[in-house]
Amino acid sequence: MKNLRSNISACSFIGIIVLIAALTDLAFGIYYDPWYEILWFSNTILFILAFAFMFRSSLLMGAVLISSIVEIPWIVDFITHLMFGRGYFGGVTDYMFKLSSPRFYNELNHLSILPLVIYGAFAVGISGKSYLFSGMHAAVLNTLSFFFAPAASNINCINHLCFLKENPFPLNGFAYYAVATLLLCIFSYILNKAYLLIPQFRRI
């Protein structure tokens, strides 16, 4: 009982801290950037992660665990940029080194998402239906990014892969958006089922 209470307290505390970080990130984004920048997966994942901890939701925690896979290219590019002076994943973090100090440190929340959600998967567990929320999350953000954000901004890589300057595939415009969104939904399902094979991620 004591361990359970300690676990609940830890999750609540983490959830509040992450929610504060998400709200701070949103405030920076609204003040400094065009409105459509808030549509990036990383910005919305923070809110979902906060609620997953606060409400100990296995559905949301599993969804974030699936969606947070998109953080890996960002982390790799950022670390190699620090070590070698240039990013090795298409320079997706080049913008970081042009920001003022407060914004630079705020953007470092990217580095915390994966460790936190992995801890959350152990502490809260993941649901076998998390792919439904993750797929819906991807579909909504991709749709908003495609129809309302300028194509040049390439929000959520909806016009071409973020680490490439041009689209190498024979699909453009709506066709690329539709196929990319469908593949993300399929990938969410596969990844959800793969995560459930890890015994430590409690099936709830």
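Predicted model: local features only at pLDDT ≥ 70, side-chain atom pairs only at ≥ 80, totals over all residues.
The buried residues of H7 are Ser130, Ser134, Gly135, His137, Ala138, Leu141, Asn142, Ser145 and Phe146. Viewed down the axis of H7, these buried residues fall within an arc of 155° and therefore line one face of the helix. An α-helix has 3.6 residues a turn, so residues three or four places apart point the same way. The buried residues of H7 pack against helix H2 (41-54), helix H3 (58-67) and helix H8 (173-195).

The largest nonpolar core contains 40 residues, and those with the most contacts inside it are Leu49, Met61, Leu65, Val117, Ile126 and Tyr195. Two or more residues are given to this core by each of H1 (2-32), H2, H3, H4 (71-84), H6 (110-123), H7 and H8. The most come from H2, which gives eight residues. Beyond its neighbours within four places in sequence, Leu65 contacts Val117, Ile118, Ala121, Ile126, Tyr195 and Phe201.

The structure holds 19 aromatic pairs. The ring centres of Phe53 and Tyr119 are 6.3 Å apart and their planes meet at 20°, so this pair is stacked. Phe53 in H2 and Tyr119 in H6 are 66 residues apart. Phe53 is buried, at 0% relative accessible area, whereas Tyr119 is partly exposed, at 35%. Phe146 and Tyr177 also form a stacked pair, with 4.8 Å between centres and 10° between planes. Phe146 lies in H7 and Tyr177 in H8, so the pair ties together parts 31 residues apart in sequence.

Technical notes:
Residues numbered from 1 in each chain as written. Heavy atoms only, no water. Buried < 20%, exposed > 50% of the residue type's maximum accessible area, 1.4 Å probe, protein only. Helix = DSSP H or I, 4+ residues; strand = E, 2+ residues; numbered from the N terminus. Arc of directions from axis to C-beta. Contact = heavy atoms within 4.5 Å. Core = buried A, V, L, I, M, F, W, Y, C linked by side-chain atoms within 4.5 Å. Phe/Tyr/Trp six-rings, centres within 6.5 Å; stacked < 30°, edge-to-face > 60°.
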